[in-house]
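These are my notebook entries on a structure that I looked up for the first time. I record each point in the order in which I came to it.

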Amino acid sequence: MSYKIKLDKKRIGQRLYELIEKSEYTRENIAELLNLTSPRVIYDWTNGIKLPCLENLVSLAQLFNVHIEDILVI
């Protein structure tokens with residue numbers, strides 16, 4: 001039995017995009033709150049190029065007041 005789940009970067013990126021657009025935060029604000037050197041990585045997340053690491057995923061869930069699963073759209 002295989003339990004491997006393939007995460008869809010595009011769908012996760014779209015979900016992050018939606019959460020950011022509904023929030024009062026800018027990508028720059030989020031980068032500062034997550035101690036990122038640049039908001040560029042957030043653009044990579046929302047464009048489905050990269051996925052946030054677990055630490056950032058937890059922080060994003062807290063920031064948007066959602067469950068991690070709500071971001072991962074499993």
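Entry 1. I began with valine 73 and listed its contacts: leaving out residues up to four places away in sequence, valine 73 touches Arg11, Ile12 and Arg15. I note here that the model is a predicted one. I then located valine 73 in the segment after H5. Is valine 73 buried, exposed or partly exposed? I found a relative accessible area of 22%, so valine 73 is partly exposed, the cut-off for buried being under 20%. I also looked up a distance: valine 73 and glutamate 28 are 45 residues apart in sequence, and their C-alpha atoms are 24 Å apart in space.

Entry 2. I turned to helix H4, which covers residues 54-64. Which residues of H4 are buried? I listed Asn56, Leu57, Leu60, Ala61 and Phe64. I then asked what covers the buried residues of H4. The cover includes H1, helix H2 (27-33), H3 and helix H5 (68-72). Just after H4, I noted that asparagine 65 takes a positive phi of about 55°.

Entry 3. I next examined aspartate 44, which I located in helix H3, residues 40-46. Its relative accessibility is 10%, and aspartate 44 therefore counts as buried, since the term applies under 20%. What does the side chain of aspartate 44 make a polar contact with? I found the side chain of arginine 40 as the partner, at 2.9 Å. With residues up to four places away in sequence not counted, aspartate 44 touches Ile49 and Lys50.

Entry 4. Of its members I looked up isoleucine 5, which is found in the segment before helix H1 (9-22). Isoleucine 5 has a relative accessible area of 53% and is therefore exposed, as the cut-off for that term is over 50%.

Technical notes: Residues are numbered from 1 along each chain as its sequence is written. This is a predicted model: local features need pLDDT of at least 70, side-chain atom pairs count only at pLDDT 80 or more; totals for chains, interfaces and linings use all residues. Side-chain values use heavy atoms; hydrogens and water are left out. Helices (H or I, at least four residues) and strands (E, at least two) are DSSP runs, numbered from the N terminus. Buried means under 20% relative accessible area, exposed over 50%, partly exposed in between (1.4 Å probe, protein chains only). A polar contact is a pair of N or O atoms within 3.5 Å; within protein, one must be able to donate a hydrogen and the other to accept it, and residues adjacent in sequence count only if both atoms are side-chain atoms. Contact means heavy atoms within 4.5 Å.
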